[in-house]
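Here is my notebook from an afternoon with a new structure. Have a look along with me.

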Amino acid sequence: MARSNKPIVWSLFAAGGTVTAFIVPVLIFVLGLAVPFGLLSPDDLSYAKVYGVIAHPLGRLIMFGLIMLSLWHAAHRSRTTVHDLGIRNDHVTAIICYCVAGLGTVLAGVSMFLL
Amino acid sequence: MTHQPYVRPMPASWWMRQGRYMRYMIREVTCLFIGLHAFVLLIGTYRLSQGREAFEAFLTALWSPAGQLMSTAILVMAVIHSVTWFNLTPKAMPVWIGDKQVPDWVIVAAHYGGWAVVSIVVLILAGRLS
(Lines give C-alpha, C1' and ligand atoms only; values in the text may rest on other atoms or scores of the structure.)
Protein backbone atom coordinates (compact mmCIF):
# COMPACT_ATOMS: atom_id res chain seq x y z
CA MET A 1 0.00 0.00 0.00
CA ALA A 2 1.26 3.47 -0.84
CA ARG A 3 2.33 5.54 2.11
CA SER A 4 0.32 8.68 2.63
CA ASN A 5 0.35 11.59 5.05
CA LYS A 6 -3.44 11.72 4.85
CA PRO A 7 -4.18 10.08 8.24
CA ILE A 8 -1.94 12.61 10.02
CA VAL A 9 -3.43 15.76 8.53
CA TRP A 10 -6.93 14.29 8.73
CA SER A 11 -6.58 13.54 12.44
CA LEU A 12 -5.27 17.08 13.05
CA PHE A 13 -8.24 18.40 11.03
CA ALA A 14 -10.71 16.34 13.04
CA ALA A 15 -9.15 17.13 16.43
CA GLY A 16 -8.96 20.82 15.54
CA GLY A 17 -12.56 20.85 14.33
CA THR A 18 -13.76 19.32 17.60
CA VAL A 19 -11.69 21.49 19.96
CA THR A 20 -12.56 24.72 18.11
CA ALA A 21 -16.27 23.80 17.97
CA PHE A 22 -16.33 23.70 21.78
CA ILE A 23 -14.14 26.68 22.62
CA VAL A 24 -13.90 29.31 19.85
CA PRO A 25 -17.37 30.92 20.14
CA VAL A 26 -17.06 31.63 23.88
CA LEU A 27 -13.40 32.60 23.59
CA ILE A 28 -13.87 35.21 20.85
CA PHE A 29 -16.88 36.52 22.75
CA VAL A 30 -14.92 36.95 26.00
CA LEU A 31 -11.81 38.36 24.31
CA GLY A 32 -13.30 40.54 21.60
CA LEU A 33 -16.88 41.45 22.45
CA ALA A 34 -17.77 41.09 26.15
CA VAL A 35 -15.91 44.25 27.25
CA PRO A 36 -17.14 46.56 24.43
CA PHE A 37 -20.68 45.22 25.05
CA GLY A 38 -20.33 46.02 28.76
CA LEU A 39 -20.78 42.43 29.97
CA LEU A 40 -17.28 42.26 31.45
CA SER A 41 -15.17 45.08 32.84
CA PRO A 42 -11.75 45.87 31.33
CA ASP A 43 -10.28 44.71 34.67
CA ASP A 44 -11.43 41.18 33.84
CA LEU A 45 -8.92 41.17 30.97
CA SER A 46 -6.18 43.18 32.67
CA TYR A 47 -2.58 42.41 31.75
CA ALA A 48 -1.78 40.93 35.16
CA LYS A 49 -4.75 38.56 35.15
CA VAL A 50 -4.43 37.39 31.55
CA TYR A 51 -0.69 36.93 32.01
CA GLY A 52 -1.32 34.91 35.16
CA VAL A 53 -3.59 32.51 33.24
CA ILE A 54 -1.72 32.21 29.93
CA ALA A 55 1.87 32.19 31.27
CA HIS A 56 1.08 29.34 33.65
CA PRO A 57 2.68 26.17 32.20
CA LEU A 58 -0.75 24.63 31.68
CA GLY A 59 -2.01 27.87 30.10
CA ARG A 60 0.90 27.91 27.65
CA LEU A 61 0.32 24.29 26.73
CA ILE A 62 -3.41 24.81 26.17
CA MET A 63 -2.89 28.01 24.17
CA PHE A 64 -0.24 26.38 21.99
CA GLY A 65 -2.43 23.33 21.40
CA LEU A 66 -5.45 25.46 20.54
CA ILE A 67 -3.54 27.66 18.07
CA MET A 68 -1.86 24.67 16.44
CA LEU A 69 -5.04 22.59 16.06
CA SER A 70 -7.03 25.61 14.79
CA LEU A 71 -4.39 26.28 12.13
CA TRP A 72 -4.18 22.66 10.93
CA HIS A 73 -7.96 22.37 10.86
CA ALA A 74 -8.19 25.56 8.78
CA ALA A 75 -5.32 24.52 6.50
CA HIS A 76 -6.76 21.12 5.64
CA ARG A 77 -10.29 22.39 5.08
CA SER A 78 -9.00 25.31 2.99
CA ARG A 79 -7.12 22.84 0.84
CA THR A 80 -10.20 20.73 0.08
CA THR A 81 -12.36 23.84 -0.44
CA VAL A 82 -9.90 25.30 -2.96
CA HIS A 83 -10.19 22.00 -4.84
CA ASP A 84 -14.01 22.23 -4.66
CA LEU A 85 -13.81 25.68 -6.23
CA GLY A 86 -12.28 24.11 -9.31
CA ILE A 87 -8.58 24.82 -8.72
CA ARG A 88 -7.08 21.42 -9.47
CA ASN A 89 -3.46 22.17 -8.61
CA ASP A 90 -3.69 20.28 -5.32
CA HIS A 91 0.05 19.90 -4.77
CA VAL A 92 0.62 23.66 -4.77
CA THR A 93 -2.50 24.28 -2.66
CA ALA A 94 -1.42 21.68 -0.13
CA ILE A 95 2.09 23.14 0.16
CA ILE A 96 0.77 26.69 0.66
CA CYS A 97 -1.93 25.69 3.21
CA TYR A 98 0.32 23.42 5.27
CA CYS A 99 3.26 25.87 5.15
CA VAL A 100 1.07 28.64 6.61
CA ALA A 101 -0.11 26.24 9.34
CA GLY A 102 3.44 25.06 9.97
CA LEU A 103 4.79 28.60 10.19
CA GLY A 104 1.97 29.60 12.57
CA THR A 105 2.70 26.54 14.70
CA VAL A 106 6.38 27.51 14.97
CA LEU A 107 5.50 31.15 15.80
CA ALA A 108 3.03 29.93 18.44
CA GLY A 109 5.74 27.76 19.97
CA VAL A 110 8.18 30.67 20.01
CA SER A 111 5.57 32.95 21.62
CA MET A 112 5.05 30.43 24.42
CA PHE A 113 8.79 30.59 25.21
CA LEU A 114 8.81 34.39 25.09
CA LEU A 115 6.04 34.65 27.71
CA MET B 1 -4.63 9.79 -30.97
CA THR B 2 -4.02 10.40 -27.30
CA HIS B 3 -6.47 9.52 -24.59
CA GLN B 4 -6.85 12.18 -21.93
CA PRO B 5 -9.01 11.45 -18.90
CA TYR B 6 -12.28 13.29 -19.31
CA VAL B 7 -12.77 16.07 -16.77
CA ARG B 8 -16.31 17.30 -16.77
CA PRO B 9 -16.30 21.10 -16.91
CA MET B 10 -17.55 22.61 -13.68
CA PRO B 11 -17.96 26.38 -13.27
CA ALA B 12 -16.38 27.75 -10.07
CA SER B 13 -19.80 29.14 -9.15
CA TRP B 14 -21.46 25.66 -8.94
CA TRP B 15 -22.15 26.11 -5.23
CA MET B 16 -24.44 29.12 -5.88
CA ARG B 17 -26.92 26.96 -7.79
CA GLN B 18 -28.73 25.39 -4.86
CA GLY B 19 -29.38 26.23 -1.23
CA ARG B 20 -27.76 23.05 0.05
CA TYR B 21 -24.61 23.61 -2.02
CA MET B 22 -24.49 27.14 -0.62
CA ARG B 23 -24.84 25.81 2.95
CA TYR B 24 -22.05 23.32 2.26
CA MET B 25 -19.78 26.12 1.04
CA ILE B 26 -20.57 28.34 4.04
CA ARG B 27 -19.74 25.38 6.32
CA GLU B 28 -16.39 24.88 4.59
CA VAL B 29 -15.55 28.61 4.63
CA THR B 30 -15.97 28.74 8.45
CA CYS B 31 -12.42 27.33 8.55
CA LEU B 32 -11.01 30.68 7.35
CA PHE B 33 -12.49 32.34 10.43
CA ILE B 34 -11.18 29.58 12.71
CA GLY B 35 -7.76 30.27 11.17
CA LEU B 36 -8.20 34.03 11.61
CA HIS B 37 -9.07 33.44 15.27
CA ALA B 38 -5.89 31.39 15.66
CA PHE B 39 -3.88 34.38 14.41
CA VAL B 40 -5.73 36.69 16.83
CA LEU B 41 -4.66 34.36 19.66
CA LEU B 42 -1.12 34.15 18.26
CA ILE B 43 -0.74 37.94 18.04
CA GLY B 44 -2.37 38.37 21.45
CA THR B 45 0.04 35.90 23.04
CA TYR B 46 3.01 37.58 21.40
CA ARG B 47 1.84 41.04 22.52
CA LEU B 48 1.28 39.63 26.02
CA SER B 49 4.91 38.50 26.04
CA GLN B 50 6.03 42.07 25.20
CA GLY B 51 4.55 43.50 28.37
CA ARG B 52 1.68 45.50 29.69
CA GLU B 53 1.65 48.37 27.19
CA ALA B 54 1.85 46.10 24.16
CA PHE B 55 -0.97 43.91 25.48
CA GLU B 56 -3.20 46.91 26.21
CA ALA B 57 -2.57 48.27 22.72
CA PHE B 58 -3.60 44.86 21.34
CA LEU B 59 -6.86 44.95 23.31
CA THR B 60 -7.57 48.57 22.26
CA ALA B 61 -7.23 47.54 18.62
CA LEU B 62 -9.35 44.41 19.18
CA TRP B 63 -12.09 46.48 20.83
CA SER B 64 -12.13 49.19 18.15
CA PRO B 65 -15.19 49.26 15.83
CA ALA B 66 -13.23 47.39 13.13
CA GLY B 67 -12.04 44.86 15.71
CA GLN B 68 -15.59 44.34 16.96
CA LEU B 69 -16.74 43.76 13.39
CA MET B 70 -14.04 41.13 12.95
CA SER B 71 -14.87 39.46 16.27
CA THR B 72 -18.58 39.40 15.37
CA ALA B 73 -17.78 37.75 12.02
CA ILE B 74 -15.58 35.19 13.78
CA LEU B 75 -18.31 34.54 16.38
CA VAL B 76 -21.04 34.00 13.76
CA MET B 77 -18.89 31.71 11.62
CA ALA B 78 -17.56 29.85 14.68
CA VAL B 79 -21.14 29.13 15.81
CA ILE B 80 -21.98 27.81 12.31
CA HIS B 81 -18.85 25.64 12.54
CA SER B 82 -19.89 24.28 15.97
CA VAL B 83 -23.47 23.51 14.91
CA THR B 84 -22.51 21.82 11.63
CA TRP B 85 -19.63 19.96 13.26
CA PHE B 86 -21.71 18.56 16.12
CA ASN B 87 -24.59 17.65 13.79
CA LEU B 88 -22.17 15.60 11.66
CA THR B 89 -20.39 13.90 14.57
CA PRO B 90 -22.68 10.81 14.68
CA LYS B 91 -22.04 10.27 10.96
CA ALA B 92 -18.26 10.63 11.30
CA MET B 93 -17.98 8.74 14.58
CA PRO B 94 -20.85 6.31 15.24
CA VAL B 95 -20.86 4.93 18.79
CA TRP B 96 -21.75 1.35 19.62
CA ILE B 97 -22.59 0.00 23.05
CA GLY B 98 -22.42 -3.79 22.80
CA ASP B 99 -24.26 -4.63 19.59
CA LYS B 100 -26.54 -1.59 19.77
CA GLN B 101 -25.78 1.66 17.97
CA VAL B 102 -26.27 4.79 20.06
CA PRO B 103 -28.97 6.91 18.34
CA ASP B 104 -27.65 9.94 16.44
CA TRP B 105 -29.63 12.42 18.50
CA VAL B 106 -28.02 11.21 21.75
CA ILE B 107 -24.52 11.87 20.38
CA VAL B 108 -25.53 15.28 19.02
CA ALA B 109 -27.29 16.24 22.28
CA ALA B 110 -24.24 15.19 24.33
CA HIS B 111 -22.05 17.49 22.24
CA TYR B 112 -24.45 20.42 22.57
CA GLY B 113 -24.53 19.80 26.33
CA GLY B 114 -20.73 19.78 26.50
CA TRP B 115 -20.59 22.96 24.41
CA ALA B 116 -22.98 24.70 26.83
CA VAL B 117 -20.95 23.57 29.87
CA VAL B 118 -17.63 24.70 28.36
CA SER B 119 -19.10 28.09 27.38
CA ILE B 120 -20.68 28.73 30.78
CA VAL B 121 -17.52 27.67 32.67
CA VAL B 122 -15.33 30.00 30.56
CA LEU B 123 -17.77 32.90 31.05
CA ILE B 124 -17.87 32.35 34.83
CA LEU B 125 -14.07 32.06 35.04
CA ALA B 126 -13.64 35.23 32.97
CA GLY B 127 -15.97 37.14 35.30
CA ARG B 128 -14.36 35.62 38.41
CA LEU B 129 -10.84 36.66 37.43
CA SER B 130 -11.39 40.19 38.64
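What share of the 130 residues of chain B count as buried? I looked it up, and 24% do. I noted that a residue is buried if 20 or more other C-beta atoms, placed from the backbone, lie within 10 Å of its own.

**Ground rules**

The model is predicted, and local features need pLDDT of at least 70, side-chain atom pairs count only at pLDDT 80 or more, while totals for chains, interfaces and linings use all residues. Residues are numbered from 1 along each chain as its sequence is written, and chains are lettered from A and ligands numbered from 1 in the order in which they are written.

**Chain B**

I found four helices and two strands in chain B. For these I used DSSP runs, numbered from the N terminus: helices are H or I with at least four residues, strands are E with at least two. Along the sequence, chain B reads α-α-α-β-β-α. Its radius of gyration is 21 Å, well over the 14 Å that the globule rule gives for 130 residues, so chain B is more spread out than a compact globule. That radius is taken over C-alpha atoms, and the rule is 2.2 Å times the number of residues to the power 0.38. I also wrote down the span of the C-alpha trace of chain B along its principal axes, about 70 × 55 × 25 Å.

**Chain A**

Next I turned to chain A, which has four helices and zero strands, in the pattern α-α-α-α. The radius of gyration of chain A is 17 Å, well over the 13 Å from the globule rule for 115 residues, so chain A too is more spread out than a compact globule. Its C-alpha atoms fill a box of roughly 55 × 30 × 20 Å along the principal axes. Of the 115 residues in chain A, 38% are buried.

**Where the chains meet**

How many residues of chain B are in contact with chain A? I got 45, and they touch 47 residues of chain A. Contact here has a cut-off: the C-beta atoms of the two residues, placed from the backbone, lie within 7 Å. On the chain B side, H1 (19–49), H2 (52–62), H3 (65–92) and H4 (104–128) each supply at least two residues. The largest share, 15 residues, comes from H1(B). By class, I listed 28 nonpolar, 14 polar and three charged residues on that side. Ala, Val, Leu, Ile, Met, Phe, Trp, Tyr, Cys and Pro count as nonpolar, Asp, Glu, Lys and Arg as charged, and the others, Gly among them, as polar.

**Two helix pairs**

I then checked H1(A), residues 6–33, against H4(B): their axes come within 9 Å and cross at roughly 30°. The axes are lines fitted to C-alpha atoms over the stretch in contact, with angles from 0 to 180 degrees between N-to-C directions. H1(A) and H4(B) are therefore roughly parallel, a label for angles under 35 degrees. Residues making this contact include Phe22(A) and Val26(A) from H1(A), and Trp115(B) and Val118(B) from H4(B). By class, the contact has 11 nonpolar, two polar and no charged residues.

My last pair was H4(A), residues 90–114, with H1(B), whose axes come within 9 Å and cross at roughly 25°. H4(A) and H1(B) are therefore roughly parallel to each other. Among the contact residues I noted Leu107(A) and Ala108(A) of H4(A), and Phe39(B) and Leu42(B) of H1(B). This contact divides into seven nonpolar, four polar and no charged residues.

Key: Buried ≥ 20, exposed ≤ 12 C-beta atoms within 10 Å, placed from the backbone. Parallel < 35°, antiparallel > 145°, perpendicular 65-115°, else oblique.
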